[in-house]
Amino acid sequence: MVSPRRNRSLKYAFRLSLLIFFGLTFNPCVALGSEPPTPALEIVVEPDAYYSNVGFFVPLTDDPVPDLNVTNEIDIYRQLLLTSWPPHFFLLELSVDPLPILGVYLKKNHRRHYDKGKFGDSNLIESLTAGFQEPYALTFFFGNVVTLVRPGEERKATNKGYMGWMFSVGDQHIKDNELINDKWLQVEWKLKGDREFANVIHRWSFRVGSTLHENQGIADSAYIGMRRNNLDFDSPVFALLPNSNINLQSDFSLNDGRFIRQEVTIGKKYPLKNFDLGLSLDLGFIWESSARYSLRYRGPNDSEYTIILRPNIEF
């Protein structure tokens, strides 16, 4: 049974999200015939097989997005931390997870073919799509943004670094490639960035946050996580740190503080400079305690472990 208080809180969060969205869409300065503020709204599109999104950057002051000319990885993190307050930008992001959605579709509509992927207690399709707990989301970010640049070199993508608070909402949850109706709210502090030039693709995310679920069959949680993804075309194919990926996230129950979920993936990048792309393969696992879900969502043969197998191509 859903708590009335929690139900009301999440409904308020959804209504607030819509108000913010429409408030930003309608610009009162333009409506009154006055000059629009500068700098202008910036729209960024980032397609990916696992996580695709479109973002709308809205400046909260008259200051443009500053450029950051730093190449050392640690110095980038330090500069973002030093300029994180006060917030100067708002970001509205709409995201969708294509391959996880495909996994849900195949299990629901082509179960016989889906079951052919079974190996032991795991399923190949589930291993290829595991780790994404929602099919889509609406996200609001308040904080600071920098554009990562190199002198004399054009950036190939958005090349943005972010530091601040994120608020995300959605109405579906994915468990074992099945959708569960669940209005959820996620609050997160994040340091995130994407840096892409002719010879390097570098992405990172350091985060701590909490997720609340309207569906009480899913445990509310607090979590801490990190992700680092680096592809360097000038480094040897078998170099360890320049061409690697690591993703770690630990979840704890907000009810009693118990450790309820651990995700670990480690990946290797294979740069193909002549083709201007890189091949990647991530391997890992997800462990989930029985306390993560109520009996309603746990089958008698459910395993606590899910193997992660995540191939990808980076351009």
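Student: Which residues of H4 are buried?
Tutor: Pro 100, Gly 103, Val 104 and Lys 107; buried means under 20% relative accessible area with a 1.4 Å probe, protein chains only. Seen down the axis of H4, these residues fall within an arc of 95°, so they line one face of the helix. That arc is taken from the directions from the helix axis to the C-beta atoms.

Student: What should I know about the model itself?
Tutor: It is predicted, so local features need pLDDT of at least 70 and side-chain atom pairs count only at pLDDT 80 or more, while totals for chains, interfaces and linings use all residues. Residues are numbered from 1 along each chain as its sequence is written, and side-chain values use heavy atoms, leaving out hydrogens and water.

Student: What covers the buried residues of H4?
Tutor: The cover includes helices H5 (111–115) and H6 (124–129), plus strands S8 (160–175) and S9 (178–196). Helices (H or I, at least four residues) and strands (E, at least two) are DSSP runs, numbered from the N terminus.

Student: Why does Lys 107 count as buried?
Tutor: Its relative accessibility is 10%. Not counting residues up to four places away in sequence, Lys 107 touches Tyr 114, Asp 176, Asn 177 and Glu 178, where contact means heavy atoms within 4.5 Å.

Student: Switching topic: which residues make up the largest nonpolar core?
Tutor: There are 10, including Leu 68, Val 146 and Trp 204. Such a core is a set of buried Ala, Val, Leu, Ile, Met, Phe, Trp, Tyr and Cys residues joined through side-chain atoms within 4.5 Å.

Student: And which element gives the most to this core?
Tutor: H3, with three residues.

Methods: Buried < 20%, exposed > 50% of the residue type's maximum accessible area, 1.4 Å probe, protein only.
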